[in-house]
Amino acid sequence: MAGPTVDFWQQRFDNHETSWDRGSPSPQLLAWLDAGELLPCRIAVPGCGTGWEVAELARRGFDVTGVDYTAAAVAKTRALLQAQRLTAEVVQADVLSYQPQHPFDAIYEQTCLCAIHPEHWLDYTQQLHRWLKSAGSLWVLYMQMLRPAASEQGVIHGPPYHCDINAMRALFTEKAWAWPKPPYVKVDHPKLSHELALRLVRR
């Protein structure tokens, strides 16, 4: 399988090499919640990492399922929930094969897509579509991480992998997803580059 392995991610956690981790929930998630755009529902957080977003959603009354295939991430998310006396389901599973018992109303996708090798993006996109109810919402932040080796030599460089908006439109097709019109919200990241934030609706 192309791309980072479970052992790769486990070592990142073990060595505290988690540059994607802000140490708090994403400011964009908080903005959506505070504006009343994202309301309590049954929601999935794939690639939940250390669980900041899982905990915040649980605190706000959501029925949350966090999914990650790294044991360290699952343990950290569960520990965070316990420390804050919050309840959520945390599943150790590969997002490329995981199937929920019931479809979700919404998905919060922040750092999972950009951590998956592009060879598997189509499979992952189809998974997200299957996980959602009809007219369910995908609240997504597309990582913008263009590197010279990629643009000048064609090297597939990551993680995080650059989620070019043209590639995203090809993956998340209008036939399967309703797209809002740009411009999209730019979300700065203190240790990486920035993300483009938007809501897609499953057709």
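A residue is called exposed when its relative accessible area is over 50%, and buried when that area is under 20%. The structure described here is a predicted model, and these cut-offs are applied to it in what follows.

Arg85 lies in the loop that joins helix 4 (71-83) to strand 3 (89-92). Because its relative accessibility is 80%, Arg85 counts as exposed. The backbone of Arg85 has a phi near 55°, which is a positive value in a residue other than glycine. Most residues other than glycine have a negative phi, and most peptide bonds are trans. A second residue with a positive phi is Ala135, where the angle is near 70° and the residue is again not a glycine. Ala135 is found in strand 5, which covers residues 132-144, and with a relative accessible area of 52% Ala135 is exposed.

Helix 3 (52-59) is mostly covered, since six of its eight residues are buried, that is, under 20% relative accessible area. These buried residues are Glu53, Val54, Ala55, Glu56, Leu57 and Ala58. The elements that cover them include helix 2 (27-34), strand 1, strand 2 (63-68), helix 4 and strand 4 (104-109). After helix 3 comes Gly61, a residue whose phi is positive and near 95°.

The packing of helix 3 against helix 4 can be considered next. Two packed helices are described by the angle between their axes and the distance between the axes. For helix 3 and helix 4, the angle is about 35° and the axes are 9 Å apart, and the crossing of the two helices is right-handed. On the side of helix 3 the contact is made by Trp52, Val54, Ala55 and Ala58, while helix 4 contributes Thr77, Leu80 and Leu81. Sorted by class, the residues of this contact comprise six nonpolar and one polar, with no charged residue among them. An α-helix has 3.6 residues a turn, so residues three or four places apart point the same way.

Val74 is another residue of helix 4. It has a relative accessible area of 4%, a value under the 20% cut-off, and therefore counts as buried. When neighbours within four places in sequence are left aside, Val74 is in contact with Asp68, Val90, Val91 and Gln92. Val74 and Glu37, by comparison, are 37 residues apart in sequence and lie 28 Å apart in space, taken from C-alpha to C-alpha.

The lining of the largest cavity is made of 17 residues, with Trp20, Cys48, Glu53, Gln110 and Thr111 nearest its centre. Strand 1 (42-46) and helix 3 (52-59) are the elements that give two or more residues to this lining. By class, the lining of the largest cavity divides into seven nonpolar, seven polar and three charged residues.

The largest pocket holds about 430 Å³ of space. It is lined by 28 residues, of which Trp9, Thr111, Cys112, Ala115 and Ile116 are the closest to its centre. Helix 1 (residues 6-14) supplies the largest share of this lining, namely three residues. The lining of the largest pocket has 17 nonpolar, eight polar and three charged residues.

The second largest pocket holds about 180 Å³ of space. Its lining consists of Pro118, Trp121, Met145, Leu146, Arg147, Ala150, Val155, Ile156, His157, Tyr161 and His162, and by class these are eight nonpolar, two polar and one charged.

Conventions: Residues are numbered from 1 along each chain as its sequence is written. This is a predicted model: local features need pLDDT of at least 70, side-chain atom pairs count only at pLDDT 80 or more; totals for chains, interfaces and linings use all residues. Side-chain values use heavy atoms; hydrogens and water are left out. On a 1 Å grid over the protein atoms alone, a cavity is a set of points where a 1.4 Å probe fits but cannot get out, and a pocket is an open set with protein on both sides within 12 Å along at least five of seven lines; lining residues have an atom within 4 Å of a point. Helices (H or I, at least four residues) and strands (E, at least two) are DSSP runs, numbered from the N terminus. Ala, Val, Leu, Ile, Met, Phe, Trp, Tyr, Cys and Pro count as nonpolar, Asp, Glu, Lys and Arg as charged, and the others, Gly among them, as polar. Buried means under 20% relative accessible area, exposed over 50%, partly exposed in between (1.4 Å probe, protein chains only). Contact means heavy atoms within 4.5 Å. Axes are lines fitted to C-alpha atoms, for helices over the stretch in contact, and angles run from 0 to 180 degrees between N-to-C directions. A crossing is left-handed if the near helix is turned anticlockwise from the far one by less than a right angle, and right-handed if clockwise. Grid points are joined across faces, edges and corners, and a volume is the space filled by probe spheres set on the points.
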